[in-house]
2 protein chains.
Amino acid sequence: MWQITEADLPSIAIGAAILGTGGGGNPYLGMIRTRELLRAGRRIRVIDPEELTDADLLVVSGAMGSPTVSYEKLARGDEEAEAARALERHLGRRFTAIAPLEMGGGNSMAALCVGAQLDLPVVNGDGMGRAFPELQMITYLIYGGSPAPSAVADDKGNRVVIGDVVDARWLERIARSVTIEVGGHAGLATAVMDGAHCRASIIPHTLDLAHRIGTAVLQARDTNADPVDAMLSVSGGRRYLRGKIVDVERRLARGFARGRVRVAGFGGDAGRSISIDFQNENLVIWEDGEATVTVPDLIALVTTDRGEPVTTEVLRYGYRVDVLVLPCPAKLRTEQALAVVGPRAFGYDVDYRPSV
Amino acid sequence: MWQITEADLPSIAIGAAILGTGGGGNPYLGMIRTRELLRAGRRIRVIDPEELTDADLLVVSGAMGSPTVSYEKLARGDEEAEAARALERHLGRRFTAIAPLEMGGGNSMAALCVGAQLDLPVVNGDGMGRAFPELQMITYLIYGGSPAPSAVADDKGNRVVIGDVVDARWLERIARSVTIEVGGHAGLATAVMDGAHCRASIIPHTLDLAHRIGTAVLQARDTNADPVDAMLSVSGGRRYLRGKIVDVERRLARGFARGRVRVAGFGGDAGRSISIDFQNENLVIWEDGEATVTVPDLIALVTTDRGEPVTTEVLRYGYRVDVLVLPCPAKLRTEQALAVVGPRAFGYDVDYRPSV
């Protein structure tokens, strides 16, 4: 068990936003929210998955909605904690720890905030090792956790408990429709589980990983080293292309930020041109008519000069970016996981082939 | 306390569909569903509101969705009972009686089915004395009942408990979005209340009233009397126009059957032409540019020859219909009620004036 301090937050925010592959919402807003809780005297305790006992009762915390909305409609800040509390009341039991939903822009911070607000330890890990757009894509559920009961809470005081669902995809559909109805952003509590299931299904130590990636970027900036090289030395993976954003199509559809960004190669990559499809998160790189990189591998865009992650909602013509490809965690490469998070699960008629 | 038998069902179905002002779904399907339960040995006990004690715990049962969908997607039949059960589990308490949501095509039967399935008495009355399209429009809520917790259950096994809502309109919005997501039809359980609140807020004895209206129609048919005259002698109200349907616009929007039907006068009404706006239910009669009849007064269309109610989803060019206007119950005419069910609540810039 260790505690997160204010000094850790910028590193975690940068690292998680890179792992978030464009999604998970605004990292800056998430960081501010967390910082304010620490300044108000709340503490954020982190527990490693190995420390969980079978008697622990965990809930998965995170925000639901499109990243675009997270910019336009500021969160109240207690939606996720309220969702967890609603689930406790429904179950008549108290949770002993919080498991993060995903690493990603703002969402990496959501579970930390719930830990601070409910004074519960937060597990060092998450359900994706990255960010994905849909709820059935968390390893807690892929590996047998229960999608119900789950709870959705909004900023206005509405609390919805999804008591039974046919399967995790129906949880996604119902929770999404409620989220859209209440304004496109809501707090979520799901996948209630014991310590044994959390240990078995979590992508472990990703909070650490995010912190180390972010720290490498910040140190490189301070020492005039290349921040992208520094981050890749921690995360693994490779620079796929250095280039300039030359086109962005983006639309808000069914509560998701969907679209495509085109990047024209630059310098050593001059003459190459790629496009990247996204649904909140970057999904597929297309080059010369081929899907060269696909989910679940991580596709991250960072600014070339500072290694600053560029989330999908701020993609803009003219940005100089490095397109990075990072290996996905082993738990996302199994047949069971690929059925849920592989390219076919997103409607692409291609098989997953590891690209790093 | 009395029991409903198979012989009562055709009368109730016709009478409730007339009170349903075009809405509430298919009366024939509702009747068949109820008849099958009786034939399987279940009983339907009816209790008058005056018999309720303060110790009773009631839940309001009904179906949610558009009438159009009720034709295209047959209900499983236990959605409403499953919603009530989900709410019992959430509360950790058992209900002692069922209060009907509304009188209307199929929905008059929904509460009777729940009574049969859970072996609980059904209160003789309902929350509208007619049908309305939205949940906040039930008198149980208009007069101070609690919109949460409520539950929605579908045919697939999904169960959603709406644990807290800002107000009854938010209950409507959230329950509607879930209903649309699961296919446009769901069972609802809402407005949990004690016997005292039910007695105070229910529109009483509408099951009786529906039965008497339907019986009058059936007897008139058997004796070659005019079925419409017979029904009006029981319900009160008047024949507004006799005519032919000459145009129907209908669309499914936000889960509702919305549209407008035009009726050209016939016989003594030749030369007159009216149009009627509907949102699941008939809302307003327009004649010569004036809104001559509006909610909450009842606007019912029945076939001229047989007095058969014509619900909004089966309106069709060429039908010979009598357009009837029936007075609404006193509990819908208060200032408090008109704010929720008057013409302005449906977006019309006119005041309610009693038309019968």
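## About the model

This is a predicted model: local features need pLDDT of at least 70, side-chain atom pairs count only at pLDDT 80 or more, and totals for chains, interfaces and linings use all residues. Residues are numbered from 1 along each chain as its sequence is written, while chains are lettered from A and ligands numbered from 1 in the order in which they are written.

## Two domains in chain A

Chain A splits into domain 1 (2–204) and domain 2 (227–346); these bounds come from an automatic or database domain assignment. Taken over C-alpha atoms, the centres of domain 1 and domain 2 of chain A are 24 Å apart. Where they touch, domain 1 of chain A puts in 29 residues and domain 2 of chain A puts in 27 residues. Contact here says that the C-beta atoms of two residues, placed from the backbone, lie within 7 Å.

On the domain 1 side of that contact, four helices of chain A each supply at least two residues: H1 (9–19), H3 (67–72), H6 (139–142) and H7 (168–181). Helices (H or I, at least four residues) and strands (E, at least two) are DSSP runs, numbered from the N terminus. H1(A) gives the most to this side, with 4 residues. Sorted by class, the domain 1 side has 14 nonpolar, 13 polar and 2 charged residues. For that sorting, Ala, Val, Leu, Ile, Met, Phe, Trp, Tyr, Cys and Pro are nonpolar, Asp, Glu, Lys and Arg are charged, and the others, Gly among them, are polar.

## How the two chains are related

Turn chain B by 179°, with a shift of 0.0 Å along the axis, and it lies on chain A with an RMSD of 0.0 Å. That is the relation of a two-fold axis. Among the residues of chain B, B:Val161 comes closest to the rotation axis, at 2.4 Å (C-alpha).

## Where the chains meet

Between the chains, 20 residues of chain B are in contact with 20 residues of chain A. On the chain B side, helix H4 (79–91), strand S8 (159–164) and helix H7 (168–181) each supply at least two residues. H7(B) has the largest share, 7 residues. By class, this side divides into 10 nonpolar, 5 polar and 5 charged residues. The copies meet through the same surface, because 100% of the interface residues of chain B are also interface residues in chain A.

Strand S8 (residues 159–164) of chain A runs antiparallel to S8(B), and 5 bridges join them. Strands count as paired if DSSP finds at least two bridges between them. Across this pairing, A:Ile162 stands opposite B:Val160 in S8(B).

Notes. Least-squares fit on C-alpha atoms with pLDDT ≥ 70 in both.
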